[in-house]
Amino acid sequence: MAENSNFEGAKSQAIRVFTNFVKKDKKNLAFLQEEKNTYIKNGWYKIVPKTNWEALLEKPHLFIYQNWVFNAQSSSTKIRKILNPTTIAGDTSLNASLKKTPILLPPPFLILKSFFLHKYPMSLDIKKAYLQIQLNPDQWPFQLLVSFDFNNQNWQNFPEIVLQTTLAFGINQSPTFFNPAMEMLADTRSEEHTSELQSQFRI
């Protein structure tokens, strides 16, 4: 394992988070496994075989810490996964390592103004939106997650390393990447709302 690997720290943090999450409702254990299976089925997650762990952890990599938040009042997303790209590994983090791109966001007053100019300001579920922006496979090791086999009652003893194949919301460039990506998507579609996708700003 690389000297500055934060795998053990990420594993300990994940155990704490998942333990607290399951304490709130034992059904959450099944939910976590179901959510992970959905991500794998859709190609957003890839589980690293244990035989490949050593090779992966010897190369430059970074594990992102995660939290799971339960909001009973939410009508659409009662449970949300939150990633932390400021997670420190060695003396740096994912956000600190990224090349600073030009800020393509309009000033806040223009963003707010769109709510007056447009009948339907664009509103998208972040969970689904950022899952649509795929990363180059060479970049997957810098958005690693620690998960577990939640089918096992002693899940804490069965860690898994997860490769995220899509953009993690929260990194410095997320909004900068997301808006042009949505406009490019709109150019290839002919549905009723593509004009809104091209002309309106997403936040």
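Does K11 count as buried, partly exposed or exposed? K11 counts as partly exposed, at 21% relative accessibility. The cut-off matters here, because buried means under 20% relative accessible area. Please bear in mind throughout that this is a predicted model.

K11 has a salt-bridge partner, E8, and the closest N and O atoms of the two are 3.6 Å apart. Both residues belong to helix α1, where three residues, about one turn of the helix, separate them. E8 is also partly exposed, its relative accessible area being 42%.

By the rule applied, the count of salt bridges is two. The other one joins K36 to E160, with the closest N and O atoms 2.6 Å apart. K36 is in helix α2 and E160 is in strand β7, so this pair ties together parts that lie 124 residues apart in sequence. K36 is buried, at 4% relative accessibility. E160 is buried as well, with a relative accessible area of 17%.

Let me return to helix α1. It comprises residues 7-24, 18 residues in total, and spans 26 Å from its first C-alpha to its last, close to the 26 Å expected. Which residues of α1 are buried? They are F7, A10, Q13, A14, V17, F18, F21 and V22. These residues lie on the same side of α1, because they cover an arc of only 160° around the axis. R16 and K23, on the other side of α1, are exposed. The buried residues of α1 pack against several elements, among them α2 (27-41), α3 (53-58) and β2 (65-70).

I turn now to the sheet. Three strands make up an open sheet, ordered β1-β7-β6, with antiparallel pairing. At the edges stand β1 (45-47) and β6, each with a single partner strand, so one side of each has no neighbour in the sheet. From one strand to the next, the twist averages 40°. β1 and β7 run antiparallel and are joined by three bridges. Y45 has Q164, in β7, as its bridge partner.

Finally, the helices on the sheet. α1 packs on the sheet and touches β6 and β7, its direction making about 50° with that of β6. α2 also packs on the sheet, where it touches β1, β6 and β7, and its direction makes about 105° with that of β1.

Key: Residues are numbered from 1 along each chain as its sequence is written. This is a predicted model: local features need pLDDT of at least 70, side-chain atom pairs count only at pLDDT 80 or more; totals for chains, interfaces and linings use all residues. Side-chain values use heavy atoms; hydrogens and water are left out. Helices (H or I, at least four residues) and strands (E, at least two) are DSSP runs, numbered from the N terminus. The expected span of a helix is 1.5 Å times one less than its number of residues. Buried means under 20% relative accessible area, exposed over 50%, partly exposed in between (1.4 Å probe, protein chains only). The arc is that of the directions from the helix axis to the C-beta atoms. Contact means heavy atoms within 4.5 Å. A salt bridge is a side-chain nitrogen of Lys or Arg within 4 Å of a carboxyl oxygen of Asp or Glu. Two strands pair if DSSP finds at least two bridges between them. Axes are lines fitted to C-alpha atoms, for helices over the stretch in contact, and angles run from 0 to 180 degrees between N-to-C directions.
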